[in-house]
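User: I am new to reading protein models. Can we go through this one, asking what lies behind each label?

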Amino acid sequence: IFPILKENLKEYKNVVPILGDIRKIDLSELGLKDKKYKIVANPPYNIVNYLLRKFLSTYPRPELIVFLIQKEVAYKILLEVGFSLEDEREFCWVYSR
């Protein structure tokens, strides 16, 4: 699937698909020091917390992180950081930010 992704994105000079274990990628080696960047991924549920910590403690921070995750994983993350899930609208607001 990666060759297809690369082919479909080749006309976009500002998109760099990377194939590899995201936990082992050194962002400093990607030349992002003075650039804005975004991360879009569909990570396995068991490393989502790790990835959020990694990217939010890295300089420079991504200007946007988009992870496709299960609703239950999102609930768990929100509960861990102190959000109440009593109001579904609160969840939707955080989820869409």
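**Labels and cut-offs**

Analyst: E7 has a relative accessibility of 46%, so E7 is partly exposed. Buried means under 20% relative accessible area, exposed means over 50%, and partly exposed lies in between (1.4 Å probe, protein chains only). This is a predicted model: local features need pLDDT of at least 70, side-chain atom pairs count only at pLDDT 80 or more, and totals for chains, interfaces and linings use all residues. Residues are numbered from 1 along each chain as its sequence is written, and side-chain values use heavy atoms, with hydrogens and water left out.

User: What is the mean pLDDT of the protein?

Analyst: The mean is 80, and 87% of the residues reach 70 or more. pLDDT is the predictor's confidence in each residue, from 0 to 100. Confidence is highest in helix 1, at a mean of 92, and lowest in helix 4 (residues 88-96), at 52. Helices (H or I, at least four residues) and strands (E, at least two) are DSSP runs, numbered from the N terminus.

User: What makes E7 and K10 a salt bridge?

Analyst: The distance does. The N to O distance between their side chains is 2.8 Å. A salt bridge needs a side-chain nitrogen of Lys or Arg within 4 Å of a carboxyl oxygen of Asp or Glu, so this pair qualifies. K10 is exposed because its relative accessibility is 52%.

User: How many salt bridges does a search of the whole structure find?

Analyst: Three. One of them joins R23 and D21, with the closest N and O atoms 2.9 Å apart. R23 is called partly exposed because its relative accessible area is 43%. D21 is partly exposed too, at 28%.

User: Why does the pair E63 and K38 count as a salt bridge?

Analyst: Their side chains meet at 3.9 Å, N to O, so the pair is within the 4 Å limit. This pair links distant parts of the chain: E63 is in the loop between helix 2 and strand 2, K38 is in strand 1, and they are 25 residues apart. E63 is partly exposed, at 47%. K38 is exposed, at 53%.

User: Why is P60 called buried?

Analyst: Its relative accessible area is 13%, which is under 20%, so P60 is buried. P60 lies in the loop between helix 2 and strand 2 (64-67).

User: Which residues does P60 contact, leaving aside its neighbours within four places in sequence?

Analyst: L32, K33, K35 and Y37. Contact means heavy atoms within 4.5 Å. The C-alpha atoms of P60 and L32 are separated by 7.3 Å, and these two residues are 28 apart along the chain.

User: Which residues have the most contacts inside the largest nonpolar core?

Analyst: V48, F55, F67 and I69, in a core of 13 residues. Helix 2 (48-56) and helix 3 (71-80) each supply at least two residues of this core. A nonpolar core is a set of buried Ala, Val, Leu, Ile, Met, Phe, Trp, Tyr and Cys residues joined through side-chain atoms within 4.5 Å. V48 touches P43, F67, I69, V73 and I77, not counting residues up to four places away in sequence. In soluble globular proteins, nonpolar side chains tend to be buried together.

User: Which residues in helix 3 are buried?

Analyst: V73, A74, Y75, I77 and L78 are buried there. Helix 3 is followed by G82, whose phi is positive, near 95 degrees.

User: Is I18 buried, exposed or partly exposed, and how do you know?

Analyst: I18 has a relative accessible area of 43%, so I18 is partly exposed. I18 lies in the loop between helix 1 (2-9) and strand 1 (38-41).
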